[in-house]
Amino acid sequence: MTLNSDLRLKIAEMVKRSGEGHIPSSFSIVDIIDHLYAHVLRVRPKEPQWSERDYFILSKGHGCSALYVVLHKHGFLTDEDMLHYSTAAGRLGGHPDVTIVPGAEASTGSLGHGFPSAVGIALGLRIQARENRIFALLGDGECHEGTIWESANVASNLQLGNLCAIVDWNGSAAQLMPRDDLPAKWRAFGWETQVIDGHSAEELSAAFGSLTFSARGNPKVVIARNTKGKGVSFVEGHGKWHHRVPD
Amino acid sequence: MKTLRLEFADTMSEVGQCDPRLVVMVGDISHGILQGFAKACPGRYYNIGICEPTIVNMAAGLNKVGLVPVVHTIAPFITERAYEQIKLDFGYQHLSGNIVSVGGSFDYAQLGCSHHCYTDVSLLCHLKRATVTIPGSPVEFNTLFKKLYATDGIHYYRLPERPHGIEFAASDLVPGRGIRLREGSDLTIATIAPQLSNALAAAERLAASGLSAELLYFPMVKPFDQELLRASLGKTKRLLVVEELSAHDGLLNLCLRAAIGLPGFSVRHLALQDFLHGYGTHEELSERAGFSPQGIAKSAHDLCSSP
């Protein structure tokens with residue numbers, strides 16, 4: 001059975017109501033984001049700027065419908081926020097804006113920006129001897145951007161052991177560039193690498209439960225074998241549903 | 001006169017020892033001269049390597065957790081290449097930091113156009129929260145950096161390779177204020193470092209030939225000292241702008257915006273129209289671009305002799 005059917009339904013409703021959104025990309029990552037907020041991240045929904053919090057950065061910002069439904073579920077966002085998604089009356093849009101969305105840690109959308117920010121945050125927290133942890137969720141298509149590999153190189157060489165990347169490996173990148181051995185690439189950059197099924201509660205729990213964080217050490221990457229559009233048969237895969245709105 | 005780059009290194013040591021939030025990241029330049037900072041401020045100096053967009057992006061991340069970043073490398077790479085990072089990761093997200101470049105305009109005159117940068121000032125000026133400082137002497141950088149670096153905003157400092165050689169007192173240097181170096185009545189010459197020395201020499205030539213030039217110098221162009229420009233242009237009615245920046249934007253644009261509403265005045269512009277191909281010293285490329293004292297004086301004569 002597909003996890004988080006309720007969240008997927010909310011994503012579809014938001015997108016249909018507003019006429020804007022990336023449903024398949026959001027369905028691909030919603031299980032990961034919900035797992036993080038439910039079981040991994042140290043956050044306070046009523047105090048989003050809590051100084052001891054863990055940071056979650058959605059580097060593939062176009063999947064933000066998934067982030068919004070999870071932030072709503074966990075108390076960061078209100079029913080009113082969700083109703084006004086992608087309208088002039090609201091504060092949630094087709095890419096997250098950190099200046100107005102409680103719980104969003106970066107304004108992403110242009111790919112290849114969120115992850116380098118996460119590397120900077122990780123370094124900054126280490127400089128201050130703070131123990132917050134940093135998680136950044138990237139798309140596999142986003143891994144075509146040069147800044148991803150610049151940052152992967154820097155984070156590894158700086159031994160940012162407080163940083164975890166998660167890659168949504170749903171095959172988007174391989175449509176264009178079939179040489180797509182992401183685990184080998186991340187290992188070559190010196191990252192502790194795990195490959196899991198990103199739609200399996202058990203594998204998500206095992207992967208994130210196994211991570212150990214430290215001020216100095218190899219950064220970690222969880223590469224999630226995902227299905228774009230997961231949970232709705234005619235949306236799954238790559239094609240016309242990428243940025244399509246349901247009738 | 002001490003170079004701007006050495007002053008940058010000394011200022012980092014000075015400020016870094018007082019402010020534990022200051023973190024310096026470089027793109028594999030100035031590594032040797034920053035060892036003083038690195039030793040004085042352990043854990044706060046990073047030579048990140050040749051990856052300018054990532055350096056800027058990381059700096060935004062540092063500021064997000066309360067630190068005050070300084071990023072430093074060659075102008076075209078830290079501004080033009082990394083402009084989207086400056087725009088989105090600092091501008092859009094309301095984060096603050098400091099960008100210190102060297103090699104603006106054609107300072108790297110022997111290295112060719114790949115190392116020239118004519119549009120950095122313009123690019124930064126498009127961002128509402130940016131300040132743009134073009135210090136032409138060590139005291140200008142030291143004074144203005146200390147006043148700006150920890151304030152809200154994206155602070156860009158463009159360090160010329162050669163200081164202009166004119167001494168200012170720290171008290172002369174106020175953010176957003178220009179300096180009138182010479183009073184005159186026939187025309188206003190507005191300039192930025194390091195062409196101040198050529199403009200000053202041109203003004204002396206003009207005086208010898210009977211033209212009285214008022215010389216305005218702008219250590220900062222954003223915010224721009226509109227009052228100084230308007231007062232001068234209201235008097236002289238003629239404006240000659242001398243800038244080592246793209247002719248399509250820059251100091252001229254700022255002057256014209258400041259002059260909106262003033263009654264009829266004439267303008268001449270000495271700036272960079274296109275890539276400055278070829279090699280040589282900074283002086284040689286300056287002359288080719290028309291920035292020599294003779295070139296500036298010729299433009300001033302043209303301006304004053306036109307109806």
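**View 1. Strands β11 and β12 of chain B lie side by side in a sheet of a predicted model.** Strand β11(B), residues 238-246, pairs with β12(B) in the parallel sense, and six bridges link the two. Arg238(B) has Ser266(B) of β12(B) opposite it. The sheet is open and has five strands, in the order β7-β9-β8-β11-β12 of chain B. The pairing within the sheet is mixed. At the edges stand β7 (179-182) and β12 (266-272) of chain B; each has a single partner strand, so one side of each is left without a neighbour in the sheet. On average, neighbouring strands of this sheet are turned by 20° against each other, direction ignored.

**View 2. Helix α8 of chain B packs on the five-stranded sheet.** This helix covers residues 196-208 of chain B. Helix α8(B) touches β7, β8 (187-191), β9 (213-217) and β11 of chain B. The direction of α8(B) makes about 170° with that of β9(B).

**View 3. Strand β3 of chain B pairs with β1(B) and with β4(B).** Strand β3(B) spans residues 68-74, and seven of its seven residues are buried. With strand β1(B), residues 22-26, the pairing is parallel and has five bridges. Here Val71(B) of β3(B) is the bridge partner of Met25(B). Strand β4(B), residues 97-102, also runs parallel to β3(B), and five bridges join them. In this pair, Ile74(B) has Val102(B) of β4(B) as its bridge partner.

**View 4. Helix α7 of chain B is mostly covered.** Of the 11 residues in this helix (138-148), eight are buried. Among them are Pro138(B), Val139(B), Phe141(B), Leu144(B) and Phe145(B). Glu140(B), Asn142(B) and Thr143(B) are buried as well. The buried residues of α7(B) pack against helix α1 (4-18) and against strands β5 (130-133), β6 (154-159) and β10 (220-222) of chain B.

View 5. Domain 1 of chain B runs over 4-159 and domain 2 over 179-305. Their C-alpha centres lie 27 Å apart.

**View 6. Chain B is in contact with chain A.** The contact involves 23 residues of chain B and 21 residues of chain A. On the side of chain B, helices α3 (52-64) and α5 (83-92) are the elements that give two or more residues. Helix α3(B) gives the most, with nine residues. The side of chain B that touches chain A is made up of 12 nonpolar, seven polar and four charged residues.

**View 7. Ile29 of chain A sits in helix α2(A).** This helix covers residues 23-40 of chain A. Ile29(A) has 28 other C-beta atoms within 10 Å and is therefore buried. Beyond its neighbours within four places in sequence, Ile29(A) is in contact with Gly63(A), Ala66(A), Leu137(A), Asp168(A) and Asn226(A). Trp169(A) is 140 residues from Ile29(A) in sequence, but the two are 9.7 Å apart in space, C-alpha to C-alpha.

Conventions:
Residues numbered from 1 in each chain as written. Chains lettered and ligands numbered in written order. Predicted model: local features only at pLDDT ≥ 70, side-chain atom pairs only at ≥ 80, totals over all residues. Pairing = 2+ DSSP bridges. Helix = DSSP H or I, 4+ residues; strand = E, 2+ residues; numbered from the N terminus. Axes fitted to C-alpha atoms, helices over the stretch in contact; angles between N-to-C directions. Contact = placed C-beta atoms within 7 Å. Nonpolar A, V, L, I, M, F, W, Y, C, P; charged D, E, K, R; others polar. Buried ≥ 20, exposed ≤ 12 C-beta atoms within 10 Å, placed from the backbone. Domains from an automatic or database assignment.
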